[in-house]
Amino acid sequence: MPYDERLAVALLARADHGRVATSMRALPFLASARHIVADGRLLLRLPGNCGYHRACAGGVVAYGSDNLGSAAPGEGVWSAQVVGRCAAYEPTAEELRRFGPAPSTVDGEPYEPVFLSVEPQFGTVHTTDGALDRHFEHIP
């Protein structure tokens, strides 16, 4: 995996939630998702009642997150995005544990999780003040 993709995945591993982007009926949409990183790929947990997983699975999606709301004073701000093929996924017991507890409802309906896997094919990272250069210089 090239450096940009590895750095993007490493940054995404620092965040718990992000946004998946694709199109549904020829219109673009964004949906928030809980994610974890496992073996270099992103595993997403989405609410099944919204139906977004049907537009994502089997296609190419973009997924991104950032630290815009959590950067400490003096800490660099970053955003990371990956683009890759998305597929339905059945998480292991350990992966389910890593996802943590799910919400009980979404939009007033019982939360029924759906899991997806994204294999990064392309990644980008944007930072302010070059602060991440020191933290990730070990990534070859």
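Trainee: Is Arg19 buried, partly exposed or exposed, and why?

Mentor: Happy to start there! Buried means under 20% relative accessible area, exposed means over 50%, and partly exposed lies in between (1.4 Å probe, protein chains only). Arg19 counts as partly exposed because its relative accessibility is 36%. Keep in mind that this is a predicted model, where local features need pLDDT of at least 70, side-chain atom pairs count only at pLDDT 80 or more, and totals for chains, interfaces and linings use all residues. Residues are numbered from 1 along each chain as its sequence is written, and side-chain values use heavy atoms, with hydrogens and water left out.

Trainee: In which strand is Arg19 found?

Mentor: Helices (H or I, at least four residues) and strands (E, at least two) are DSSP runs, numbered from the N terminus. Arg19 sits in strand β1, residues 17-24. The protein chain has four helices and eight strands in total, in the order α-β-β-β-α-β-β-α-β-β-β-α.

Trainee: Which residues does Arg19 touch?

Mentor: Contact means heavy atoms within 4.5 Å. Leaving aside residues up to four places away in sequence, Arg19 touches several residues, including Leu30, Tyr63 and Asp66.

Trainee: With which side chain does the side chain of Arg19 make a polar contact?

Mentor: A polar contact is a pair of N or O atoms within 3.5 Å; within protein, one must be able to donate a hydrogen and the other to accept it, and residues adjacent in sequence count only if both atoms are side-chain atoms. Here the partner is the side chain of Asp66, at 3.0 Å.
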